[in-house]
Each structure stands twice: as structure tokens, then as C-alpha cells.
Amino acid sequence: MEFPVPRRKTRSLFIGPVKIGGNAPISVQSMTTTDTRDVQATLKQIRALALAGCEIIRLTVNSREAAEALPQIKASSPVPLIADIHFDHTLAITSIEAGVDGLRLNPGNIGGQQKVREVVRAAKERKIPIRIGVNAGSLEKDLLEEYGRTPEAMVESALRHIHLLEKEGFDLIKVSLKASDVPRTVVAYRLLAEKVDYPFHIGVTEAGTLFSGTVRSAIGLGILLAEGIGDTLRVSLSADPVEEIRVAYTILRDLGLRKQGVEMIACPTCGRAEIDVIPLAERIERRLLSVKSYLKVAVMGCVVNGPGEAKEADVGVAGGKNVGLLFKKGEIVQRLKPDDLEEPLIEAIRTLTGEEIP
Ligand code: SF4
């Protein structure tokens, strides 16, 4: 059964070949943690992110040398790139000339309308969208005085940046409003959603370590996505960025917004369990990380709920009295030894997906 989430109506734009907004699938982004000047290290991370399913990658362009590394990085990148620029509009122009697919830049911070005009001219020529990224930690002084560090101040700041671009006749705009806590982030996006129809990049910034950041992002992004807000997203974690992609897809999959990769169903186990569910489910989940096709895999401890769940899944195992049952598309296809379930289950998934599984 499906319960589709209604999506906010937005304009659309393209980051390279990836459509954002206008009912396109919600895309998954991340950011490299390498020094952009180090072309090889940056490309290595880009490839790892792309392999994990990342669709758009942002890199910091914080110096002339970093901007000069972009053509080489862009030439070998399998996914579109966004240059993250602060303060220096010449870096934005060099990045556009280097072939990046998008900019993240706040036009109010680059030193006046003339500089905005120059960036907009270059961006228009190559149809490069600009993301305005408002962060609760770096709001304008007068807004802080008037509103405090509130969602209202964040929205007001975004509207100012938007206005600077619109004044130059530019509308390939995407907006993000990030705070490090969930309530402010959510309220800010809700408020801005009432005022503009530009697509939103959503995320909870500086969310934390793998564990706490995953929980915080799942709550923050989950609320927004369930309300139809969000066209592209990033899960920010103080961890290997590849983990961000895994978390992002899990959030999207759990809300039924992207159908990609393996949805694991595993029981929490209890005294009835006839098979060792926890290590088996963990091993299987890890082995299936690279699977691209969407499928549900169930690992259930006993016959109470086991066969029901395993039957709903595409493939599953359930423990029975001295036996392990393998299900495929709702049918018991094999009766196995309880300790001998992993390989037959993986083989069944290989056959179903046609994908290689380590
Ligand atoms: S499926 Fe069986 S083992 Fe797992 S939690 Fe339910 S009753 Fe316990």
C-alpha cells in the first residue's frame, strides 16, 4: 500500500542533468571534506560519494588556487558540482568559467550590487543556478537586533538575498535556511514556503556525529518532507560524507519519497527468536549497501510475526522450530538450517536484482 506525501509546488531548475523542484525526485547532495586544491584527494572523495548514490556534490572554493583546481576536478567528476563561495565574487565568476553546475553564494555578502550584477551575468550565460544559503549562525546585524536569532530573521535574510538576484532579472534560485536545531529550521522553512515558490534545499546544519546527527536530521528533514517541503537535501554529519548519503536515502525511502536501495525490516528479537537476528540483519544490511534496485528485505526471529513480514517483503527469512524459512515474493522457497540463512538470502537477492553483491 502506498501513502504518497503531497509535495509543495515549486519552480524547477537544473544542476547539470539533475532536475530540482517542479515535482522532480528529491535529490541527495553532500559536500567534500577535502582541500579543494588537492585534486586527487577531492576526486577520490567525489567518486566514493557518487558510488554511494550522491547526485550533486558541493565543494568549497575558498581561494584562487581552489578555483583553479576546478576545471580538472570537473573534467573527471561523475556528478554535477556546486561551488561554495563566500565574500569573493571573482571566485564565483572563475568557478562558473571552470564549468561548475551551480553556485552556493549569498549575494548580500559579496560587496554590492555591481558585483552581484557581474556574477548574475556569468550565471545567466551558462544557466547556472544559485543557492542562497541562510545560516542562523551568520545573520545580518540589523536583523539580529530586530528579530533575534529567530526563524523570522532567517526568512527576512533570505528574502533580501532573493531580492538582490531578482533585481538583476535572475530567477534560477534555490534557497536553504539552516539552523543547528530542529524547531528553528522547521519553522523557518514553513514561513518561507508561504512567501516564495523557489525550490528548497533542506538540511539541519552542524547536526552532529553519526548517531546524534542521524537522529536530528531524520527528525528535522522528516517533518519537512512529510509536509511536502524540500526539493533537494543534505544530511550534515561529522562523519565520512558517504554516511550522509546512506542516511539521506534511508530517510527518503522511509517516507516513500525515493525508491532506491534496500529497505531492511528486522524484528527487535525477543525470547521467542529461533535465529540470531541481530548479527544476521547487520551483516546483510552491510552487504547490501551498494544495491541500487529498490527492494524490501525482512529478517524475522520467529513464526509469530515473521512469516507475515517476510511474505510482505520481496525476500526474507524467518526462524522456525529448528528451521530457517526463506521467502521470495511471498512464497516459502527453501527450508534451511537456522545458521545457514545468509548466503541463500543473498543469492535470492542477486537473482532478483541482477546486481553484484560482495
Ligand atoms: S518476530 Fe518473533 S522473535 Fe521477533 S520480536 Fe516478534 S515474536 Fe520476537
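Colleague: How far apart do the C-alpha centres of domain 1 and domain 2 lie?

Modeller: In this predicted model, the C-alpha centres of the two domains are 39 Å apart. The domain assignment places residues 12-254 of the protein chain in domain 1 and residues 262-353 in domain 2.

Colleague: How should I read a sheet, and in what order do the eight strands of the open sheet come?

Modeller: In general, the strands of a sheet pair through backbone hydrogen bonds, in either a parallel or an antiparallel sense. Here the open sheet has the order β8-β7-β6-β5-β4-β3-β10-β9, with parallel pairing. Its edge strands are β8 (173-178) and β9, each of which pairs on one side only.

Colleague: Which strands does β3 join by bridges?

Modeller: Strand β3 (residues 27-31) runs parallel to β4, and three bridges join them. Q29 has I56 of β4 as its bridge partner. Three bridges also join β3 to β10, again in parallel, and there V28 is partnered by L233 of β10.

Colleague: How many of the five residues of strand β4 are buried?

Modeller: Four of them are buried, so β4 (residues 56-60) is largely enclosed by the rest of the structure.

Colleague: Let us turn to a single residue. Is I202 buried or exposed?

Modeller: The cut-off for a buried residue is 20 or more other C-beta atoms within 10 Å of its own. I202 has 25 such atoms within that distance, and therefore I202 is buried. This residue is found in strand β9. Leaving aside residues up to four places away in sequence, I202 touches S176, Y189, L221, L224, I229, G230 and L233. By contrast, I202 and G102 are 100 residues apart in sequence and 16 Å apart in space, C-alpha to C-alpha.

Colleague: What does one look for in a helix, for instance in the reach of α8 from its first C-alpha to its last?

Modeller: Helix α8 (residues 210-226) has 17 residues and reaches 23 Å, close to the 24 Å expected at 1.5 Å a residue. Its buried residues are G213, T214, R216, S217, G220, L221, L224 and L225. These pack against α7 (182-193), β9 (201-202), β10 (232-234) and α9 (241-254). After the helix comes G228, with a positive phi near 90°.

Colleague: Is strand β13 mostly covered or open?

Modeller: Strand β13 (residues 315-320) is mostly covered, with five of its six residues buried.

Colleague: In which sense does β13 pair with β12, and in which with β14?

Modeller: Strand β12 (residues 295-300) pairs with β13 in the parallel sense over four bridges, and V299 has V317 of β13 as its bridge partner. The pairing of β13 with β14 (residues 323-328) is antiparallel, over six bridges. In that pairing, A318 stands opposite L325 of β14. The two strands form a hairpin with two residues between them, and N322 in the turn has a positive phi of about 55°.

Colleague: Finally, how many residues surround the ligand, and which are the closest?

Modeller: Twelve residues surround the ligand, and the closest are C267, C270, A273, G301 and C302.

Technical notes: Residues numbered from 1 in each chain as written. Predicted model: local features only at pLDDT ≥ 70, side-chain atom pairs only at ≥ 80, totals over all residues. Near = placed C-beta within 6 Å. Expected span 1.5 Å × (residues − 1). Buried ≥ 20, exposed ≤ 12 C-beta atoms within 10 Å, placed from the backbone. Contact = placed C-beta atoms within 7 Å. Domains from an automatic or database assignment. Pairing = 2+ DSSP bridges.
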